[in-house]
Amino acid sequence: MGRVTERRRVIRVRGGQISARPDTLVAEEPLEIRLNGKPLAITMRTPGDDFALAAGFLVSEGVLGAAEELQSIVYCAGATADGSNTYNVVDVKTAPGVVIPDITLERNVYTTSSCGLCGKASLDAVRTTARFPIDDTEGDTAPPVRLDTELLARLPDRLRAAQRVFDRTGGLHAAALFTEDGELVDIREDVGRHNAVDKLVGRALREGRLPLSRSVLLVSGRASFELAQKAVMAGIPVLAAVSAPSSLAVDLAAETGLTLVGFLRGDSMNVYAGEHRLALEATASTG
(Lines give C-alpha, C1' and ligand atoms only; values in the text may rest on other atoms or scores of the structure.)
Protein backbone atom coordinates (compact mmCIF):
# COMPACT_ATOMS: atom_id res chain seq x y z
CA MET A 1 0.00 0.00 0.00
CA GLY A 2 1.43 3.37 -0.99
CA ARG A 3 0.16 5.23 2.07
CA VAL A 4 3.02 4.84 4.51
CA THR A 5 4.17 8.41 3.95
CA GLU A 6 2.52 11.61 2.72
CA ARG A 7 3.82 14.95 1.50
CA ARG A 8 2.90 18.25 3.15
CA ARG A 9 4.08 21.83 2.65
CA VAL A 10 6.31 23.11 5.42
CA ILE A 11 8.02 26.44 6.08
CA ARG A 12 11.62 25.89 7.14
CA VAL A 13 13.61 28.33 9.24
CA ARG A 14 17.33 27.64 9.18
CA GLY A 15 19.88 30.15 10.41
CA GLY A 16 17.52 33.05 9.80
CA GLN A 17 16.72 31.87 6.26
CA ILE A 18 13.07 31.10 5.49
CA SER A 19 11.96 28.78 2.70
CA ALA A 20 8.91 26.74 1.74
CA ARG A 21 9.24 23.15 0.61
CA PRO A 22 7.40 19.82 0.69
CA ASP A 23 8.18 17.53 3.61
CA THR A 24 7.70 13.78 3.97
CA LEU A 25 5.54 12.79 6.92
CA VAL A 26 4.53 9.41 8.29
CA ALA A 27 0.90 8.62 7.49
CA GLU A 28 -1.56 8.05 10.32
CA GLU A 29 -5.04 6.64 9.73
CA PRO A 30 -7.59 4.78 11.85
CA LEU A 31 -7.95 1.03 11.51
CA GLU A 32 -11.16 -0.57 12.73
CA ILE A 33 -10.76 -4.22 13.69
CA ARG A 34 -13.86 -6.37 13.54
CA LEU A 35 -14.07 -9.87 14.97
CA ASN A 36 -16.42 -12.23 13.17
CA GLY A 37 -18.30 -9.26 11.76
CA LYS A 38 -18.63 -7.31 15.01
CA PRO A 39 -16.70 -4.09 15.74
CA LEU A 40 -14.01 -4.68 18.35
CA ALA A 41 -11.44 -1.88 18.39
CA ILE A 42 -10.07 1.13 16.56
CA THR A 43 -6.37 1.95 16.56
CA MET A 44 -4.47 4.79 14.94
CA ARG A 45 -1.77 3.25 12.80
CA THR A 46 0.52 3.68 9.83
CA PRO A 47 -1.14 1.84 6.91
CA GLY A 48 0.59 -1.38 5.90
CA ASP A 49 0.67 -4.90 7.37
CA ASP A 50 -2.91 -4.33 8.49
CA PHE A 51 -3.77 -8.03 8.51
CA ALA A 52 -0.73 -8.79 10.64
CA LEU A 53 -1.62 -5.93 12.97
CA ALA A 54 -5.15 -7.27 13.45
CA ALA A 55 -3.90 -10.81 14.03
CA GLY A 56 -1.26 -9.65 16.50
CA PHE A 57 -3.79 -7.53 18.34
CA LEU A 58 -5.99 -10.61 18.78
CA VAL A 59 -3.02 -12.58 20.11
CA SER A 60 -2.55 -9.91 22.76
CA GLU A 61 -6.28 -10.11 23.53
CA GLY A 62 -6.07 -13.86 24.11
CA VAL A 63 -8.34 -14.68 21.14
CA LEU A 64 -5.72 -16.28 18.88
CA GLY A 65 -2.68 -18.39 19.68
CA ALA A 66 -2.12 -20.57 16.63
CA ALA A 67 -2.37 -20.18 12.86
CA GLU A 68 -5.11 -22.81 12.57
CA GLU A 69 -7.40 -20.72 14.78
CA LEU A 70 -7.47 -17.99 12.14
CA GLN A 71 -9.79 -18.62 9.19
CA SER A 72 -9.48 -15.35 7.27
CA ILE A 73 -8.78 -11.63 7.39
CA VAL A 74 -10.30 -9.32 4.78
CA TYR A 75 -10.77 -5.65 4.15
CA CYS A 76 -14.42 -4.73 4.42
CA ALA A 77 -15.91 -3.54 1.15
CA GLY A 78 -18.47 -0.76 1.36
CA ALA A 79 -16.81 0.72 4.43
CA THR A 80 -18.21 4.16 3.57
CA ALA A 81 -21.70 5.43 2.84
CA ASP A 82 -21.04 5.47 -0.90
CA GLY A 83 -19.83 1.87 -0.83
CA SER A 84 -16.15 2.56 -1.47
CA ASN A 85 -13.40 0.68 0.31
CA THR A 86 -11.15 2.83 2.47
CA TYR A 87 -8.88 -0.08 3.44
CA ASN A 88 -9.31 1.12 7.01
CA VAL A 89 -11.66 -1.63 8.20
CA VAL A 90 -10.66 -5.28 8.53
CA ASP A 91 -12.73 -8.25 9.61
CA VAL A 92 -11.04 -11.20 11.29
CA LYS A 93 -12.88 -14.50 11.10
CA THR A 94 -11.89 -17.22 13.51
CA ALA A 95 -11.94 -20.89 12.61
CA PRO A 96 -14.96 -22.98 13.62
CA GLY A 97 -14.76 -24.09 17.23
CA VAL A 98 -12.56 -21.26 18.47
CA VAL A 99 -13.95 -20.03 21.78
CA ILE A 100 -14.03 -16.24 21.99
CA PRO A 101 -13.19 -14.94 25.47
CA ASP A 102 -15.10 -12.10 27.08
CA ILE A 103 -12.64 -9.54 25.77
CA THR A 104 -14.85 -6.50 26.32
CA LEU A 105 -14.03 -6.48 30.02
CA GLU A 106 -10.46 -7.72 29.61
CA ARG A 107 -9.59 -5.00 27.08
CA ASN A 108 -10.71 -2.34 29.54
CA VAL A 109 -8.63 -4.02 32.21
CA TYR A 110 -5.27 -4.56 30.61
CA THR A 111 -4.80 -3.00 27.19
CA THR A 112 -6.00 0.56 27.70
CA SER A 113 -3.28 2.48 29.51
CA SER A 114 -5.72 5.19 30.62
CA CYS A 115 -8.39 2.85 31.98
CA GLY A 116 -7.68 3.87 35.57
CA LEU A 117 -8.12 0.36 36.93
CA CYS A 118 -5.74 -0.98 39.52
CA GLY A 119 -2.44 -2.59 38.63
CA LYS A 120 -3.36 -5.87 40.32
CA ALA A 121 -6.39 -6.27 38.05
CA SER A 122 -4.18 -5.68 35.02
CA LEU A 123 -1.63 -8.26 36.14
CA ASP A 124 -4.34 -10.78 36.95
CA ALA A 125 -5.90 -10.35 33.50
CA VAL A 126 -2.64 -11.16 31.72
CA ARG A 127 -1.86 -14.08 34.02
CA THR A 128 -5.22 -15.72 33.43
CA THR A 129 -5.21 -15.28 29.63
CA ALA A 130 -1.56 -15.98 28.74
CA ARG A 131 -1.18 -19.25 26.81
CA PHE A 132 2.58 -19.54 26.70
CA PRO A 133 4.45 -19.69 30.02
CA ILE A 134 7.82 -18.00 29.73
CA ASP A 135 9.20 -18.55 33.23
CA ASP A 136 11.87 -21.07 32.23
CA THR A 137 13.88 -20.98 35.42
CA GLU A 138 12.86 -24.55 36.18
CA GLY A 139 11.03 -27.46 34.66
CA ASP A 140 11.82 -26.71 30.98
CA THR A 141 13.28 -29.45 28.82
CA ALA A 142 15.17 -26.94 26.65
CA PRO A 143 17.85 -24.76 28.22
CA PRO A 144 16.72 -21.21 28.96
CA VAL A 145 17.60 -18.42 26.59
CA ARG A 146 20.90 -16.91 27.70
CA LEU A 147 22.21 -13.69 26.18
CA ASP A 148 25.60 -12.06 26.25
CA THR A 149 25.24 -8.41 27.25
CA GLU A 150 27.67 -7.36 24.51
CA LEU A 151 25.40 -8.99 21.93
CA LEU A 152 22.36 -7.29 23.44
CA ALA A 153 24.12 -3.92 23.32
CA ARG A 154 24.63 -4.23 19.55
CA LEU A 155 20.93 -4.74 18.77
CA PRO A 156 19.78 -1.06 18.86
CA ASP A 157 22.23 -0.18 16.08
CA ARG A 158 20.89 -3.08 14.00
CA LEU A 159 17.35 -1.91 14.63
CA ARG A 160 18.18 1.65 13.62
CA ALA A 161 19.99 0.54 10.46
CA ALA A 162 16.90 -1.40 9.35
CA GLN A 163 14.42 1.48 9.84
CA ARG A 164 13.68 2.47 6.26
CA VAL A 165 10.74 4.83 6.73
CA PHE A 166 12.22 6.53 9.79
CA ASP A 167 15.09 7.74 7.65
CA ARG A 168 12.62 9.63 5.46
CA THR A 169 10.29 10.96 8.16
CA GLY A 170 11.89 10.75 11.61
CA GLY A 171 8.40 10.03 12.94
CA LEU A 172 8.08 6.29 13.36
CA HIS A 173 8.58 3.81 16.15
CA ALA A 174 10.07 0.42 15.43
CA ALA A 175 9.94 -3.06 16.92
CA ALA A 176 12.20 -5.92 15.92
CA LEU A 177 12.54 -9.61 16.63
CA PHE A 178 16.01 -11.08 17.00
CA THR A 179 17.19 -14.61 17.62
CA GLU A 180 19.13 -15.33 20.78
CA ASP A 181 22.25 -15.15 18.59
CA GLY A 182 21.45 -11.58 17.51
CA GLU A 183 20.12 -12.35 14.03
CA LEU A 184 17.41 -9.96 12.85
CA VAL A 185 14.27 -11.98 12.07
CA ASP A 186 11.73 -9.24 11.39
CA ILE A 187 11.22 -5.52 11.88
CA ARG A 188 8.08 -3.40 11.61
CA GLU A 189 7.56 0.36 11.84
CA ASP A 190 4.46 2.26 12.87
CA VAL A 191 3.37 5.57 14.32
CA GLY A 192 2.56 3.56 17.47
CA ARG A 193 5.12 1.16 18.92
CA HIS A 194 2.32 -1.11 20.16
CA ASN A 195 1.12 -1.44 16.57
CA ALA A 196 4.65 -2.28 15.43
CA VAL A 197 4.74 -5.11 17.99
CA ASP A 198 1.31 -6.34 16.91
CA LYS A 199 2.52 -6.46 13.30
CA LEU A 200 5.50 -8.59 14.33
CA VAL A 201 3.39 -10.96 16.40
CA GLY A 202 0.65 -11.18 13.78
CA ARG A 203 3.14 -12.12 11.08
CA ALA A 204 4.54 -14.81 13.37
CA LEU A 205 1.04 -16.15 14.08
CA ARG A 206 0.11 -16.39 10.40
CA GLU A 207 3.40 -18.18 9.66
CA GLY A 208 2.86 -20.69 12.49
CA ARG A 209 5.81 -19.44 14.58
CA LEU A 210 4.10 -18.89 17.93
CA PRO A 211 5.18 -19.05 20.67
CA LEU A 212 8.27 -16.93 20.05
CA SER A 213 10.04 -18.69 22.89
CA ARG A 214 13.62 -18.19 21.66
CA SER A 215 13.25 -14.56 20.60
CA VAL A 216 14.30 -11.12 21.77
CA LEU A 217 11.88 -8.23 21.23
CA LEU A 218 13.51 -4.81 20.92
CA VAL A 219 11.43 -1.64 20.84
CA SER A 220 12.31 1.98 20.23
CA GLY A 221 11.35 4.29 23.03
CA ARG A 222 10.01 3.14 26.36
CA ALA A 223 8.65 -0.21 27.54
CA SER A 224 5.08 0.28 28.74
CA PHE A 225 2.90 -2.28 30.46
CA GLU A 226 1.08 -2.80 27.17
CA LEU A 227 4.29 -3.80 25.37
CA ALA A 228 5.30 -6.15 28.18
CA GLN A 229 1.83 -7.69 28.01
CA LYS A 230 2.13 -8.23 24.27
CA ALA A 231 5.51 -9.92 24.73
CA VAL A 232 4.12 -12.24 27.39
CA MET A 233 1.06 -13.14 25.31
CA ALA A 234 3.33 -14.11 22.39
CA GLY A 235 5.63 -16.18 24.59
CA ILE A 236 8.61 -13.85 24.08
CA PRO A 237 11.12 -14.29 26.93
CA VAL A 238 13.16 -11.08 26.51
CA LEU A 239 11.93 -7.50 26.02
CA ALA A 240 14.49 -4.73 25.61
CA ALA A 241 13.88 -1.02 25.15
CA VAL A 242 16.13 1.93 24.45
CA SER A 243 14.30 4.01 27.06
CA ALA A 244 12.65 3.47 30.43
CA PRO A 245 10.05 0.89 31.45
CA SER A 246 6.99 1.72 33.49
CA SER A 247 6.58 0.41 37.03
CA LEU A 248 3.71 -1.86 36.00
CA ALA A 249 5.77 -3.28 33.14
CA VAL A 250 8.44 -4.21 35.68
CA ASP A 251 5.82 -5.80 37.95
CA LEU A 252 4.44 -7.86 35.06
CA ALA A 253 7.93 -8.96 34.00
CA ALA A 254 8.80 -10.06 37.53
CA GLU A 255 5.55 -12.00 37.90
CA THR A 256 5.69 -13.79 34.55
CA GLY A 257 9.43 -14.44 34.26
CA LEU A 258 9.96 -11.96 31.42
CA THR A 259 13.46 -10.54 31.10
CA LEU A 260 13.04 -6.77 30.92
CA VAL A 261 15.90 -4.49 29.92
CA GLY A 262 15.65 -0.72 29.70
CA PHE A 263 17.92 2.18 28.75
CA LEU A 264 19.74 -0.07 26.26
CA ARG A 265 22.19 2.47 24.89
CA GLY A 266 25.76 1.87 23.84
CA ASP A 267 27.35 -0.53 26.29
CA SER A 268 25.00 0.37 29.16
CA MET A 269 21.63 -1.02 30.18
CA ASN A 270 19.39 -1.50 33.19
CA VAL A 271 18.05 -4.99 33.91
CA TYR A 272 14.74 -4.78 35.76
CA ALA A 273 13.67 -8.44 35.81
CA GLY A 274 14.69 -11.86 34.52
CA GLU A 275 18.43 -11.36 34.92
CA HIS A 276 18.94 -15.16 34.84
CA ARG A 277 18.86 -14.98 31.02
CA LEU A 278 21.78 -12.55 30.84
CA ALA A 279 25.44 -13.46 31.16
CA LEU A 280 26.36 -10.92 33.82
CA GLU A 281 30.04 -11.47 34.53
CA ALA A 282 30.85 -8.33 36.47
CA THR A 283 30.46 -8.25 40.24
CA ALA A 284 27.07 -6.76 41.04
CA SER A 285 27.01 -3.59 43.13
CA THR A 286 24.01 -2.33 45.02
CA GLY A 287 25.66 0.91 46.09
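The briefing below takes up the sheets, then the helices, and then the salt bridges.

This is a predicted model, in which local features need pLDDT of at least 70, side-chain atom pairs count only at pLDDT 80 or more, and totals for chains, interfaces and linings use all residues. Residues are numbered from 1 along each chain as its sequence is written, and side-chain values use heavy atoms, with hydrogens and water left out. Helices (H or I, at least four residues) and strands (E, at least two) are DSSP runs, numbered from the N terminus, and two strands pair if DSSP finds at least two bridges between them.

**The sheet of six strands**

- An open sheet with mixed pairing is formed by 6 strands, which follow the order E9-E8-E10-E11-E12-E13.
- At its edges are strand E9 (184–190) and strand E13 (268–273), each of which pairs on one side only.
- From one strand to the next the twist averages 20°, where axes are lines fitted to C-alpha atoms, for helices over the stretch in contact, and angles run from 0 to 180 degrees between N-to-C directions.
- Strand E12 (residues 259–265) pairs with E13 in the antiparallel sense over 4 bridges, and Arg-265 has Ser-268 in E13 as its bridge partner.

**The sheet of four strands**

- Another open sheet, also with mixed pairing, consists of 4 strands in the order E4-E3-E6-E5.
- Strand E4 (38–45) and E5 stand at the edges with a single partner strand each, so one side of each is left without a neighbour in the sheet.
- On average, and with direction ignored, neighbouring strands of this sheet are turned by 20° against each other.
- Strand E3 (residues 29–35) and strand E6 (residues 89–94) pair in the parallel sense over 4 bridges, and Glu-32 stands opposite Val-89 in E6.

- Helix H6 (residues 193–206) lies across strand E8 (173–179), E9 and strand E10 (215–219), and H6 runs at about 140° to E9.
- H6 also lies across E4 and E5, running at about 125° to E4.

**Helices H7 and H8**

- The axes of helix H7 (residues 225–233) and helix H8 (residues 247–256) come within 8 Å and cross at roughly 25°, which means that H7 is roughly parallel to H8.
- Phe-225, Ala-228, Gln-229 and Val-232 of H7 make the contact with Leu-248, Ala-249, Leu-252 and Thr-256 of H8.

**Salt bridges**

- Across the whole structure, a search finds 12 salt bridges, each being a side-chain nitrogen of Lys or Arg within 4 Å of a carboxyl oxygen of Asp or Glu.
- Arg-131 forms a salt bridge with Glu-69, and their closest N and O atoms are 2.9 Å apart.
- This pair links distant parts of the chain, 62 residues apart, with Arg-131 in the loop between helix H3 (119–129) and strand E7 (147–148) and Glu-69 in the loop between helix H1 (50–60) and strand E5 (70–75).

Conventions
Contact means heavy atoms within 4.5 Å. Angles under 35 degrees count as roughly parallel, over 145 as roughly antiparallel, 65 to 115 as roughly perpendicular and the rest as oblique.
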